[in-house]
Amino acid sequence: MIDLSRLTTETRNPESMDLDEMTPQELVELMNREDRHVVDAVREVTPEIARAVELATEALKREGRIFYIGAGTSGRLGVLDAAECPPTFGVSPDRVIGLIAGGESAFLKAVEGAEDSKELCRRELEKYHVCDKDLVIGLAASGRTPYVIYGLRFAKSIGCRTIAIACNKDSEIGQEADVKIEAVTGPEVLTGSTRLKAGTAQKMILNMISTGAMVGIGKVYQNLMIDVQKTNEKLEVRAQNITMEATGCDREEAVRMLEKAEGNVKTAIIMILLACDKKEAEQRLLKADGKVRTALNHK
């Protein structure tokens with residue numbers, strides 16, 4: 001029998017022993033108080049998260065990929081973060097990939113026994129021909145999910161850099177990884193329901209890793225999403241707004257220069273700020289590894 005008693009994510013929270021008798025106001029105030037612990041827990045592991053950002057940036061720079069692997073809530077959070085990278089940063093969907101125990105169907109409905117498999121994650125990673133250029137990030141609030149443990153173990157055996165994200169100290173997945181991030185959020189308001197504080201902490205950490213990595217490879221200028229994909233009317237307007245914010249031009253000029261730049265916001269920004277043509281702007285970006293600020297300052 002699995003011993004869960006030592007896991008803080010599985011222990012009872014003394015503040016919520018009367019949860020079933022609380023009024024809605026009392027319940028939400030309690031949850032709000034408890035959620036404050038999440039920020040503190042994540043703050044404690046910022047050095048490890050920063051290292052994870054470095055590894056993720058390095059992987060993308062060498063044309064590698066980032067894989068998130070997890071089960072249940074942790075797996076869903078990985079899939080969610082991966083799915084949001086293409087529209088936000090303009091990267092191909094095959095650069096950041098989320099794998100959940102049980103496959104895509106498990107995102108909506110649990111697949112019995114999938115998280116306990118010692119072979120499933122390896123087989124899924126093999127389908128993607130994972131190699132030593134890639135980074136594999138394992139997520140498990142408990143820190144003991146076999147799907148993640150053996151996935152990380154396989155990834156490391158073929159030379160991948162690995163990161164573990166858990167919400168318990170001295171986690172088993174942490175022992176399998178190059179970098180372990182253990183944000184201890186404490187007992188949940190609803191005992192064992194790690195979709196609550198633990199899930200929030202994991203989401204915050206993933207936000208930092210993916211955003212930091214995209215900044216590192218030049219997907220951001222100042223604090224603007226300069227590689228946003230214009231796949232609908234809202235994003236078309238956002239591209240115009242970003243161009244206006246970055247350059248101080250009006251909307252008419254933003255629209256005109258985006259047309260000349262064939263919709264590329266980065267190119268349009270450089271064309272406006274340096275009063276150059278599309279060819280020069282693209283050459284500058286190429287020499288600057290896609291970083292707008294570097295391209296602007298390059299002699």
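**View 1. A look at the cysteines of this predicted model, which holds 0 disulfides.** Take C85 to begin with: C85 is in no disulfide, and the nearest cysteine sulfur, that of C160, sits 18 Å away. C85 also counts as buried, because its relative accessibility is 2%, and buried here means under 20%. Now hop over to C160. The closest cysteine sulfur to the one in C160 belongs to C131, and at 6.6 Å that is too far for a bond. A disulfide would need the two sulfur atoms within 2.5 Å. Like C85, C160 counts as buried, with a relative accessibility of 3%.

**View 2. Helix α3 alongside helix α6.** Here's a pair of helices worth a visit: α3 covers residues 72–89, and α6 covers residues 197–216. Two packed helices are described by the angle between their axes and the distance between those axes. For this pair, the axes come within 10 Å and cross at roughly 30°. Angles under 35 degrees count as roughly parallel, so α3 and α6 are roughly parallel to each other. As for handedness, the crossing of α3 past α6 is right-handed.

**View 3. The residues where α3 and α6 meet.** On the α3 side you'll find S74, L77, G78, L80, D81, E84, C85 and F89. Facing them from α6 are G199, Q202, K203, L206, N207, S210, T211 and M214. One of the α3 residues here is C85, the buried cysteine from the opening view.

**View 4. E63, a residue with a positive phi.** The phi of E63 is about 65°, although E63 is not a glycine. To find E63, look in the loop that runs between α2 (46–61) and β1 (66–70). Is E63 buried or exposed? E63 counts as exposed, because its relative accessibility is 56% and the cut-off for exposed is over 50%.

**View 5. A275, with a positive phi of its own.** A275 isn't a glycine either, yet its phi is positive, at about 50°. Where does A275 sit? Check the loop between α9 (265–274) and α10 (278–287). With a relative accessible area of 72%, A275 is exposed.

Definitions and conventions: Residues numbered from 1 in each chain as written. Predicted model: local features only at pLDDT ≥ 70, side-chain atom pairs only at ≥ 80, totals over all residues. Heavy atoms only, no water. Axes fitted to C-alpha atoms, helices over the stretch in contact; angles between N-to-C directions. Helix = DSSP H or I, 4+ residues; strand = E, 2+ residues; numbered from the N terminus. Parallel < 35°, antiparallel > 145°, perpendicular 65-115°, else oblique. Left-handed = near helix turned anticlockwise from the far one by under 90°. Contact = heavy atoms within 4.5 Å. Buried < 20%, exposed > 50% of the residue type's maximum accessible area, 1.4 Å probe, protein only.
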